[in-house]
Amino acid sequence: MKLEHDDIEASAEADIATTAANQPEGSAGTPSQALRDVLSRFRFDEQSTPSLRRSPRTINAASAREKYEESESSLPTLSAGGRSPKKRTGSTTDAPEVKRAKTPRGRVGIAPPEIYAHLDPLNDHLGHDPDMLDVMICGINPGKMSATVGHHFAHPTNHFWRCLHGAALTDRLVSPAEDATLPDNYRLGLTNIVERPSAQTAELADSEFTDGVPALLRKIVLKRPRVVCFVGKKIWESFVKVAAPSPQNGSNGRGSHEEESARAEILVGDTDAGSSTVGVSGKRAVSKKKAPARPAFTFDLQPYKIVHSDPNAHVRETLFFVVVSTSGLVAGYQLKEKIEQFTLLKKRVEELKSGTIDTSNMSVIPIPPDLL
């Protein structure tokens, strides 16, 4: 490489000397001018140079640059005050801007029934005779996995069966395939407030929850369980909205749902001195001090009950308990916390059997005459 470089330098020096010698006398030739004349022979000449193939990458880049410049040219210019306009539109007309509705990312819409029409609803497991159930467990609706295999809470990520075992409501870990054995073996029943299956709860309309309340009331009247346990707060809210409406929605004169929630807190001794109190009649005594904020929802017994009028009934009252959803998608509650709620359910059932729970101040949910 060094020899080739020396040859090039020697050739260039010779060319420069020859160029200088060929210049006419009296011309203002300089070494730098001679060098430029030599280098001019290596100048690119488009006519004498064969056309080269353009790279597709170069073509695409040039095309993109043209589109970018074209789009930039259509943008509005700055106003005279130096501030950019608040709205930008692609057209030059003064058409009004259309506002799009904001939709949460990943939100699931209501699924039409025909999407899961190939899946069958699940059978209830509520036992043969009235008064035999300690707990009637009410879920939301059959999931896709449960409807496919034909058993309740069948998805492997659902914590339901582990909660039953962890709370000693069953003496072993029962599998979903054994769900029909719960009434006879453990005095537990299974049902849902919505019959049709779906992959997610969000695919159900709110009206489907409320439409399922009359059928659930009928099951309670026929089976007379000691406790109805709602697996999910939303089921309870839909149930009490229909079964025990507030006065403004047309009720039988009981207090509002907020007042009943406050009374439930007072029953367990959470009354603040100087604040308004609730007497046995359920009427709130007005106080000059501001009423306390509505108490947070508690996953426990709720201040409502159903009184059974059948003279042959062994279970005279049915109470209501709420636990969090056992779905594995509920990230706010871990398995340990869910088991604690089911353990509390077992404790309340034992207290109810022993007669240590005072239900005299609970609101009575009326039963429609056609269900009696």
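A residue is called buried under 20% relative accessible area, exposed over 50%, and partly exposed in between. The exercises below apply this to a predicted model.

**Exercise 1.** Determine which class Arg 187 and Asp 134 each fall into, and where the two residues lie.

*Solution.* Step 1: Arg 187 has 35% relative accessibility, so it counts as partly exposed. Step 2: Asp 134 has a relative accessible area of 9% and is therefore buried. Step 3: the side chains of these residues, Arg 187 and Asp 134, meet in a salt bridge, at 3.5 Å from N to O. Step 4: Arg 187 is located in the loop between α6 (182-186) and β2, and Asp 134 in the loop between α3 and β1; the pair, 53 residues apart, links distant parts of the chain.

**Exercise 2.** Identify the residues that are linked with Asp 134 in a network of salt bridges.

*Solution.* Step 1: Asp 134 also meets the side chain of Arg 226 in a salt bridge, with an N to O distance of 3.4 Å. Step 2: Arg 226 belongs to the loop between α8 (213-223) and β3 (227-231), and Asp 134 to the loop between α3 and β1, so this pair ties together parts 92 residues apart in sequence. Step 3: both Arg 226 and Asp 134 are buried. Step 4: the network comprises Asp 134, Arg 187, Arg 226 and Lys 353. The structure holds 14 salt bridges.

**Exercise 3.** State whether Cys 163 is buried or exposed, and name its contacts beyond four places in sequence.

*Solution.* Step 1: Cys 163 is part of helix α5 (residues 160-166). Step 2: its relative accessibility is 0%, so Cys 163 counts as buried. Step 3: leaving aside neighbours within four places in sequence, Cys 163 is in contact with Thr 326, Leu 335, Lys 338, Ile 339 and Phe 342. Step 4: Cys 163 and Ile 339 are 176 residues apart in sequence, yet their C-alpha atoms are 4.8 Å apart in space.

Terms used: Residues numbered from 1 in each chain as written. Predicted model: local features only at pLDDT ≥ 70, side-chain atom pairs only at ≥ 80, totals over all residues. Heavy atoms only, no water. Helix = DSSP H or I, 4+ residues; strand = E, 2+ residues; numbered from the N terminus. Buried < 20%, exposed > 50% of the residue type's maximum accessible area, 1.4 Å probe, protein only. Contact = heavy atoms within 4.5 Å. Salt bridge = Lys/Arg side-chain N within 4 Å of Asp/Glu carboxyl O.
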